[in-house]
Amino acid sequence: MNPLQRDAYYPFLVLISLTLVLWQNLGMERKLLLDLNKQSEVFLNDQLVNGHSGSGLLLKQQDKATLFCSSEAQTNSACALSLQLNRALSAIRLDHYQQLNLDIAFSSNLPDSLILQFYLATDPQQNYQHLLQQSILPRQGRANYQLSLAQFYTPSWWQLARAQTTPSGSPQVNHFALITGDNQQTKNIELSLYRIELSGKLIAAKDLYLGLLAVWLISLCVSYFKLGRGLKEQHQQSHKHALELNKMNSYLSIERDNYEFMAKTDPLTSCFNRAGLRNIFSDIIIEYIETNMPASIVLFDIDHFKQINDNYGHDEGDKVLINIANLVRQQIREGDYLARWGGEEFLVVCTHTRQAGACALAEHLRQSIEQTMLSQHSRITSSFGVAEINSGFLEQWIKRADEALYQAKQSGRNQVIAAAPQ
Ligand SMILES: Nc1nc2c(ncn2[C@@H]2O[C@H](COP(=O)(O)OP(=O)(O)OP(=O)(O)O)[C@@H](O)[C@H]2O)c(=O)[nH]1
């Protein structure tokens with residue numbers, strides 16, 4: 001699943017991001033109004049700039065401070081209205097603001113230029129190489145001047161003279177100076193300062209977008225990490241299930257083999273039962289029909305078996321059945337099959353064998369049974385009927401062997417009779 005759909009916090013993250021972006025664009029204002037009386041001390045400085053002084057006077061009123069500056073032609077004279085922050089405010093971080101709003105008024109003459117300077121709080125000696133300044137084009141009357149803080153700079157001649165650079169990082173200032181500039185003419189200038197205000201956004205657009213980008217990247221990394229871990233766990237789980245299935249399969253396969261074995265095997269003698277011979281007979285008959293390959297069966301039955309049960313008990317009868325099965329199993333070829341056909345009746349399937357060969361095997365088995373101590377109480381004999389396959393019908397084949405066996409019984413038992421060819 002896509003991690004954006006998977007993690008529930010993404011909708012909140014989208015909401016918070018949009019809210020912050022909207023707020024940043026439509027509001028999030030941070031303002032600092034420098035009160036001329038409470039937060040700062042306003043004073044006159046007419047000992048400025050390479051000693052080019054003007055003759056000045058400062059008048060402080062409730063809502064403004066007014067500078068009266070008289071300059072003389074050809075003297076590069078200048079006056080400054082300085083504003084020093086008092087201890088309550090100590091210093092202002094310029095990087096918290098983007099703009100400076102200056103509410104000033106000129107009555108009568110305009111100076112050639114007006115310069116606003118900041119002195120860094122980190123420079124208590126107020127060396128000029130550290131100050132930041134910006135020129136303002138003076139306008140007649142009262143006006144609001146909006147100055148971008150990004151455009152304040154340290155003049156290059158001070159940088160070169162002192163091998164300093166413009167302060168970087170987060171400059172903190174505690175001293176502002178409004179200088180009437182270097183006049184080339186004799187003039188009386190009246191400058192009133194009403195308000196100095198710094199404004200900006202609580203979070204700058206660049207910082208906000210970088211922050212949001214970082215948050216999104218981290219969230220995506222976390223999601224993909226979680227997704228990877230989830231997939232790994234899923235894979236391990238599937239692997240575990242596959243192992244369990246394999247185990248179950250092998251168990252079922254063993255069970256199936258057991259049931260198959262049980263279905264095809266006589267539990268007393270461990271020979272095939274009738275069901276166990278079904279497929280073997282099918283193969284033999286197909287082979288006979290297709291290639292005329294011979295095969296014979298030897299059907300034999302223990303003589304007077306009922307007497308063994310009756311005289312020595314059923315367990316003794318079982319023992320004889322087991323002993324005969326073991327004996328015959330040892331005597332037949334590897335490709336032949338022994339099955340218990342009924343109660344005390346057995347059948348040997350002799351593959352690729354003519355009737356004469358099967359008769360020889362039957363005779364051999366008859367003698368072995370007769371000569372072997374299969375019961376500790378009495379001698380055991382068996383009667384045999386032998387028949388070679390001569391059609392595709394299994395019942396007929398077995399019937400011919402059964403008839404031969406019947407004849408053997410009728411003829412006195414303990415003998416082999418071959419079925420008559422038809
Ligand atoms: N102990 C034991 N006896 C069985 C088993 N199956 C069948 N029998 C017995 O085998 C005997 C077969 O007896 P009959 O069919 O009369 O044949 P017989 O006594 O062998 O006589 P002939 O076949 O005519 O020689 C019966 O008494 C069955 O109870 C078995 O699994 N175990």
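Colleague: Among the contacts in the chain with a separation of 6 or more, what percentage comes from residues 24 or more positions apart?
Modeller: Happy to start there. This is a predicted model, in which local features need pLDDT of at least 70 and side-chain atom pairs count only at pLDDT 80 or more, while totals for chains, interfaces and linings use all residues. Residues are numbered from 1 along each chain as its sequence is written. Two residues are in contact if their C-beta atoms, placed from the backbone, lie within 7 Å, and the share from residues 24 or more positions apart is 71%.

Colleague: How many helices and strands does the secondary structure of the chain have?
Modeller: Both are DSSP runs numbered from the N terminus, with helices being H or I of at least four residues and strands being E of at least two. Counted like that, the chain comes to 9 helices and 17 strands.

Colleague: What percentage of the 422 residues in the chain is buried?
Modeller: A residue is buried if 20 or more other C-beta atoms lie within 10 Å of its own, exposed if 12 or fewer, and partly exposed in between, with C-beta atoms placed from the backbone. Over the 422 residues of the chain, the buried part is 26%.

Colleague: Let's turn to the ligand. Which helix gives the most to the shell around the ligand?
Modeller: A residue is near a molecule or strand if its C-beta atom, placed from the backbone, lies within 6 Å of it. The ligand is surrounded by 16 residues, and the closest are Asp 303, Phe 305, Lys 306, Gly 317 and Gly 343. At least two shell residues each come from β13 (295–302), α6 (305–312) and α7 (314–331). With 4 residues, the biggest giver is α7.

Colleague: By class, how many charged residues does that shell around the ligand have?
Modeller: Ala, Val, Leu, Ile, Met, Phe, Trp, Tyr, Cys and Pro count as nonpolar, Asp, Glu, Lys and Arg as charged, and the others, Gly among them, as polar. The shell has 4 nonpolar and 5 polar residues, and its charged residues number 7.

Colleague: Are α6 and α7 parallel, antiparallel, perpendicular or oblique to each other?
Modeller: Axes are lines fitted to C-alpha atoms, for helices over the stretch in contact, and angles run from 0 to 180 degrees between N-to-C directions. The axes of α6 and α7 are 6 Å apart, at an angle of about 140 degrees. Angles under 35 degrees count as roughly parallel, over 145 as roughly antiparallel, 65 to 115 as roughly perpendicular and the rest as oblique. The two helices α6 and α7 are therefore oblique.

Colleague: Gly 317 came up beside the ligand. Which residues does Gly 317 touch, not counting those up to four places away in sequence?
Modeller: Gly 317 sits in helix α7 and is buried, because 21 other C-beta atoms lie within 10 Å. Its C-alpha atom is separated by 7.4 Å from that of Phe 305, 12 residues apart along the chain. Beyond four places in sequence, Gly 317 touches Phe 305, Ile 308 and Asn 309.

Colleague: Is Ile 380 buried or exposed?
Modeller: Ile 380 lies in the loop between α8 (355–371) and β16 (382–388). Setting aside residues up to four places away, it touches Ile 302, Val 320, Ile 369, Leu 374 and Ser 375. Because 22 other C-beta atoms lie within 10 Å, Ile 380 is buried.

Colleague: Which residues does the UniProt annotation "transmembrane region" cover?
Modeller: UniProt positions follow the numbering used here, feature names are shortened, and annotations may be inferred rather than shown by experiment. In the model, the chain over residues 12–28 is 88% helix and 0% strand, with its end C-alpha atoms 20 Å apart. The annotation comes from an unreviewed entry and covers residues 12–28.

Colleague: How is α2 oriented relative to α4, roughly parallel or antiparallel?
Modeller: The axes of α2 and α4 (residues 205–264) come within 11 Å and cross at roughly 175 degrees. That angle makes the pair roughly antiparallel.

Colleague: What is the phi of Met 28?
Modeller: Met 28 is in the loop between α2 (9–26) and β1 (29–34). It counts as partly exposed because it has 16 C-beta neighbours inside 10 Å. Although Met 28 is not a glycine, its phi is positive, at about 60 degrees.
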